[in-house]
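Work through the exercises below with the sequence and the 3D structure at hand. Try each task before reading its solution.

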Amino acid sequence: MSDSILTRALLVVDAISRSSQGLRFSEVQALLGSPSPSTVSKILRELSQADVIAKGPEGRYLLGMKAYFWGKSAASSRGPFRFIREEMAALHDAFEASVNLFTCSDEHMFCLESIMSPESPSLWPAGKGLKLQLPVIGSIFFFSREQLDDEVFLQAECERHRPRLQVADVRRMIEDARETGIQRDAGLFYPGIIRMAVPLVDQGRVTMVLGLGVLEARQEQADGVEHIAVALQDAKARIEDAMNP
């Protein structure tokens, strides 16, 4: 890239990082002073190929995985990521749970942080990438509302899973998550494993998801699951306070 193109590219990345919904092509073009569509396409293409930005399901350009890892590296010894790791460790210690931190880019979820428990083998190690699909805990917070309301989409997701899921069960889980702000699959995808997730919102946009999994058999108290849900939502509130001071 020439200096002029580089300057424009940095302007685009900065503007996208400040937008809670991401930017459309036309908005990027206006931001740059209405250059030719080919110039805008070149900038967006090169940034996308480098995974600095990614095109979301609604056609808007969002920050890509590389930008998140830059932020993660910069905050490795201070800031929100250190606080998130501390909250994850507290959940792990309190409930003998596996705890994961996911982000999403280009229709793939990436595990940024992970504290694994041998009692909950169905979660994933840090660095693992997974296609954005309903069985991945917390994925419903990255799908658009239109996708989750699409009966054909839900049917296809259910048919892909083994054993096959019932659309009505998945829809109830989605509706409950919308009402409560926490996803609880209650063994729907992995029998015997209770999994929960909450979205982490930064500047009005879901940037990460905090997920947790425990063995159902280890929840001896009748209200044990509710205690976990409350603790997860409390952790979400503290993390978002740190992310949005």
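**Exercise 1: The largest pocket**

Task: Into how many nonpolar, polar and charged residues does the lining of the largest pocket divide?

Solution. The lining of the largest pocket holds 15 nonpolar, nine polar and eight charged residues. The model is a predicted one. In total, 32 residues line the pocket, and F141, F142, F143, S144 and V206 lie nearest its centre. Two or more lining residues come from each of these elements: β1 (53–55), β2 (61–63), β3, α6 (145–148), α8 (167–180) and β8. The space in this pocket is about 770 Å³.

**Exercise 2: The open sheet**

Task: In what order do the six strands of the open sheet lie, and which are the edge strands?

Solution. Step 1: find the order. The strands run β5-β4-β3-β8-β7-β6, with antiparallel pairing. Step 2: find the edges. β5 and β6 each pair on one side only, and these two are the edge strands.

Step 1: Strand β3 (residues 98–105) pairs with strand β4 (residues 108–115) in the antiparallel sense over seven bridges. V99 is opposite I115, while S105 is opposite H108. Two residues separate β3 and β4, which form a hairpin, and D106 in the turn has a positive phi of about 50°. On to β5 (residues 129–131): β4 pairs with this strand over three bridges, again in the antiparallel sense. Here G129 of β5 is the bridge partner of F110.

**Exercise 3: The span of a helix**

Task: What span should helix α9 (residues 224–243) have at 1.5 Å a residue, and how far apart are its end C-alpha atoms?

Solution. Step 1: the expected span is 1.5 Å times one less than the number of residues. Step 2: α9 has 20 residues, so the helix should span 28 Å.

**Exercise 4: A lysine in the helix**

Task: Is K236 buried or exposed, and which residues does K236 contact beyond its neighbours within four places in sequence?

Solution. Step 1: locate the residue. K236 lies in helix α9. Step 2: apply the cut-off. Buried means under 20% relative accessible area. K236 has 17%, so K236 is buried. Step 3: list the contacts. With neighbours within four places set aside, K236 touches V198, P199, L200 and V201.

Key: Residues numbered from 1 in each chain as written. Predicted model: local features only at pLDDT ≥ 70, side-chain atom pairs only at ≥ 80, totals over all residues. Heavy atoms only, no water. Helix = DSSP H or I, 4+ residues; strand = E, 2+ residues; numbered from the N terminus. Buried < 20%, exposed > 50% of the residue type's maximum accessible area, 1.4 Å probe, protein only. Contact = heavy atoms within 4.5 Å. Pairing = 2+ DSSP bridges. 1 Å grid on protein atoms, 1.4 Å probe; cavity = no way out; pocket = protein on both sides within 12 Å on 5 of 7 lines; lining within 4 Å. Points joined across faces, edges and corners; volume = space filled by probe spheres on them. Nonpolar A, V, L, I, M, F, W, Y, C, P; charged D, E, K, R; others polar.
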